[in-house]
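I'd like to walk you through one structure, so let me put it on the screen.

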Amino acid sequence: MALTLMVIIYIQSSRGILPRATSTRPNLREVLISLRDSVIPMMTPVIIFGGIFAGIFTATEAAAAATVYAFIVSLFIYKEIGITDLYKILVDTAVMTGVVSLLVGAATGFSWILATHQVPRMLGDFITAVGGGQYTFLLFSIAVFLFFGMILDGLPAILIFFPILMPIALSLGVAPLHYGVLVIAIVVSPSWRPPSGCAW
């Protein structure tokens, strides 16, 4: 995935879609200044992973703690947002939360309908009848998430189909971490759109 992203960035920069790197290398003083300026923003992942691994808070609480930290840094240190901007930020947050809640509610209901109609069992029987084991199942999963990831948002696609396909993956011996990374990579990819004026 990293190699693919590197190739895409190289193509985009060579075609002028992304800015090209400068030919001059930074000196030691510039590197030290950049490191000094990046200490405060880089504390965000430290708070997230440090808090989770130390058992201070859960993953959800870590997201909230990182949000509060970013808010404090933006408001008081970098002064990128002001008090007058808070109203718009809170309204946008409420709207986005409402949209996500509606998506989650609809997806959860549809997933329940599929489960009550024995769709997971039928899918398992179909994959078993086709044969091929893990490889057939992974190709089938890629096709399902790619298709529904293009017509739905990524979160509803995961909420609907992941609970159905994950037990089948475990029964076929697919590693849960491998399958999770595969699903995330598939549902995120269709939502990307090339920038305006992109030649490829």
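Let's start at Ala-107, which lies in helix α4. Please keep in mind that this is a predicted model. Is Ala-107 buried or exposed? Its relative accessible area is 4%, under the 20% cut-off, so Ala-107 counts as buried. Leaving out residues up to four places away in sequence, Ala-107 touches Pro-156, Leu-159 and Ile-160. If you look for Gly-180 as well, Ala-107 and Gly-180 sit 73 residues apart in sequence, and their C-alpha atoms are 18 Å apart in space.

Now for the confidence. The protein chain has an average pLDDT of 83, and 92% of the residues score at least 70. Over residues 190-200, though, the pLDDT falls below 50; that stretch still has 12 contacts in the model beyond near neighbours in sequence.

Next, please find helix α6, residues 133-151. With 19 residues at 1.5 Å a residue, α6 should span 27 Å, and its end C-alpha atoms are 28 Å apart, which agrees. Which residues of α6 are buried? They are Phe-137, Leu-138, Ser-141, Val-144, Phe-145 and Gly-149. Viewed down the axis of α6, these buried residues fall within an arc of 130°, so they line one face of the helix. As a reminder, an α-helix has 3.6 residues a turn, so residues three or four places apart point the same way. On the face of α6 turned away from the buried side you'll find the exposed residues Tyr-135, Leu-139 and Ile-151. And what covers the buried residues of α6? The cover includes α5 (119-130), α7 (154-171) and α8 (176-188).

The largest nonpolar core has 23 residues, and Phe-137, Phe-145, Leu-165 and Tyr-179 have the most contacts inside it. Helices α4 (86-116), α5, α6, α7 and α8 are the elements that give two or more residues to this core. Its largest share comes from α7, with eight residues.

Let me zoom in on Tyr-179. At 0% relative accessibility, Tyr-179 counts as buried. Setting aside neighbours within four places in sequence, Tyr-179 is in contact with several residues, among them Phe-137, Leu-138, Ser-141 and Phe-145. Its contacts also include Phe-162, Leu-165, Met-166, Ala-169 and Val-174.

Last, the aromatic rings. How many aromatic pairs does a search of the whole structure find? The search finds six. In one of them, Phe-148 and Phe-161 have ring centres 4.4 Å apart and planes at 40°, so this pair is tilted. The pair links distant parts of the chain, with Phe-148 in helix α6 and Phe-161 in helix α7, 13 residues apart. Phe-148 is partly exposed, with a relative accessible area of 25%, whereas Phe-161 is buried at 11%.

Phe-162 and Tyr-179 form another pair, and this one is stacked: 5.8 Å centre to centre, with 25° between the planes. Phe-162 lies in helix α7 and Tyr-179 in helix α8, so the pair ties together parts that are 17 residues apart in sequence. With 23% relative accessibility, Phe-162 counts as partly exposed.

One last thing to find on the screen: Phe-145, Phe-147, Phe-148 and Phe-161 form one aromatic cluster.

Terms used. Residues numbered from 1 in each chain as written. Predicted model: local features only at pLDDT ≥ 70, side-chain atom pairs only at ≥ 80, totals over all residues. Heavy atoms only, no water. Helix = DSSP H or I, 4+ residues; strand = E, 2+ residues; numbered from the N terminus. Expected span 1.5 Å × (residues − 1). Buried < 20%, exposed > 50% of the residue type's maximum accessible area, 1.4 Å probe, protein only. Arc of directions from axis to C-beta. Contact = heavy atoms within 4.5 Å. Core = buried A, V, L, I, M, F, W, Y, C linked by side-chain atoms within 4.5 Å. Phe/Tyr/Trp six-rings, centres within 6.5 Å; stacked < 30°, edge-to-face > 60°. pLDDT = per-residue confidence, 0-100.
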